[in-house]
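We will go from the whole chain down to single residues.

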Amino acid sequence: MSKRIAIIGGGYIGAELAKSLDNTAEVTLIEPRSHFVHAPAMIRAVVDPALLDRALIPYDRLLKNGRVLRARANGIDADGVTLDDGQRVAADYIVVATGSSNATPFKPVGDDIDGLRQANQRVHDQLNAARRIGIVGAGAVGTELAGEIAHAMPDKEITLISDTGRLFPTMPEKLGTALASKLRDAGVTLVLGKRAENLQSLTEPYAGRLKLSDGSELEFDLIFPVLGSRASSELLDGLPDTQKSTANRVKVDRWLRPSSLPNVLAAGDLADAGDGMTIVATSRQLPWLKATLKGFISGKPLEQMKPYKPWGPKAPILVPLGPKRGNSFLGLFTAGDLLTRKMKGENLFVRKYSKLLNRA
Ligand SMILES: Cc1cc2nc3c(=O)[nH]c(=O)nc-3n(C[C@H](O)[C@H](O)[C@H](O)COP(=O)(O)OP(=O)(O)OC[C@H]3O[C@@H](n4cnc5c(N)ncnc54)[C@H](O)[C@@H]3O)c2cc1C
């Protein structure tokens, strides 16, 4: 009899894993949203809302044999998953990939895809009307957002604020200095090594005055709080022996197990496996998950399979500043405009994920 695999969450981990096991096992993907949300495009969509038509991709063609259940999971045990309407999905193996939430308009609130479309249009209109733009947080999303606005709306006065002394402080120095110099070229003011002390919202753009940690104050027509992702790990709270790490993530062992249940694995943003909260991390976890689940199906015990090895400090990162410029760290060297544009900036991997979801 074929094995039953329940995958909870249809993001980068869940959608690709479900498709890759569709011919090997009885797959059920549990996902409350109608559409896959291609996060990298949500940044450019702030300046170009039309991009949403291609970056929100319906799930209906993803699986040929298995099923996508439009539902939220609210309980897990050794025998399966309980959905929010009480229905049960019996499973031999469970993969939890419930991901993370982020600020508006970068990810939907819960399963509300129409709400994301409306928020995108609202923020786009606010951005059009604004002159002075503050971006608080200079991780990849904040830095890319500054670059996208500077490229598409060169008349805006953009200030990118970070409490770190330089951009991308954990990466090779060349990446941050090259990006900083391109942003300054494009007219962006960088305020580094200072904290915004009085953010009125951590999740919604708003107009107001920011107090910085050196006592200075700056007035903006629109402030984007861009302070990083928070893992959606509540579903795992009821499992035996789980432990949280930072950003609400759940610790996993070397075989990506979040608890003492041997048939439950967790991956992606939710799981602290030693990787960052990135698609780049999911791209390393996915081949391991596919091989390990296929091993499970053929009867191999988990401990006889290779443990997962995270990227470590060489994890690549691609940071476009609009469709033409940007820099990337590719594990061995820092690349400039041409490679960043070809690899990501031009089309933001939209085609790759349309293809994954069996769209033209
Ligand atoms: C604006 C933005 C841009 C980004 N750009 C990049 C980039 O360019 N490169 C990069 O490497 N990373 C990027 N990231 C990070 C990347 O989006 C995440 O690392 C990635 O989404 C993680 O994938 P995941 O499968 O773990 O979770 P997610 O993609 O968050 O998917 C989780 C899924 O689980 C579902 N879910 C949640 N709870 C439940 C439940 N109880 N039951 C069932 N389903 C549930 C959700 O509806 C969601 O569809 C970006 C993030 C943001 C916010």
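How many Å² does the accessible surface of the chain come to, and what share belongs to carbon and sulfur atoms? The surface is about 15900 Å², and carbon and sulfur atoms hold 50% of it. Such areas come from the Shrake-Rupley method with a 1.4 Å probe; for residues, only the protein chains shown count as cover.

A word on the model. This is a predicted model, where local features need pLDDT of at least 70, side-chain atom pairs count only at pLDDT 80 or more, and totals for chains, interfaces and linings use all residues. Residues are numbered from 1 along each chain as its sequence is written, and side-chain values use heavy atoms, with hydrogens and water left out.

**Stop 1: the whole chain**

The chain has nine helices and 22 strands. These are DSSP runs numbered from the N terminus: helices are H or I with at least four residues, strands are E with at least two. The chain is as compact as a globular protein of 360 residues, because its radius of gyration is 21 Å, close to the 21 Å that the globule rule gives. That radius is taken over C-alpha atoms, and the rule is 2.2 Å times the number of residues to the power 0.38.

Of the 360 residues, 51% count as buried. Buried means under 20% relative accessible area, exposed over 50%, and partly exposed in between (1.4 Å probe, protein chains only).

Now colour the charges. There are 48 positive and 39 negative side chains, and the centres of the two sets lie 7 Å apart. Lys and Arg count as positive, Asp and Glu as negative; His and the chain ends are not counted. Each charge is placed at NZ of Lys, CZ of Arg, CG of Asp or CD of Glu.

**Stop 2: residues 4-47**

Select residues 4-47. An unreviewed UniProt entry places "domain: Pyridine nucleotide-disulphide oxidoreductase N-terminal" here. UniProt positions follow the numbering used here, feature names are shortened, and annotations may be inferred rather than shown by experiment. This stretch is 36% helix and 30% strand, with its end C-alpha atoms 43 Å apart.

Next, pick helix α1, residues 12-21. Seven of its ten residues are buried, so α1 is largely enclosed by the rest of the structure. Among the buried ones are Y12, I13 and L21.

**Stop 3: residues 81-274**

For these residues, UniProt lists "domain: FAD/NAD(P)-binding", again from an unreviewed entry. The stretch is 22% helix and 26% strand.

Zoom in on T104 and P105. A cis peptide bond joins them, with omega about 5°. P105 sits in the loop between β10 (100-101) and α4 (113-129).

Jump to D241, in the loop between β16 (230-231) and β17 (250-251). Its phi is near 65°, a positive value in a residue other than glycine. Most residues other than glycine have a negative phi, and most peptide bonds are trans. Is D241 buried or exposed? At 62% relative accessibility, D241 counts as exposed.

**Stop 4: M305**

Select M305, in the loop between α7 (279-297) and β20 (317-321). M305 counts as buried, at 8% relative accessibility. Which residues does M305 touch, not counting those up to four places away in sequence? They are W255, A291, T292, G295, F296 and K300. A contact means heavy atoms within 4.5 Å. M305 and W255 are 50 residues apart in sequence and 8.6 Å apart in space, C-alpha to C-alpha.
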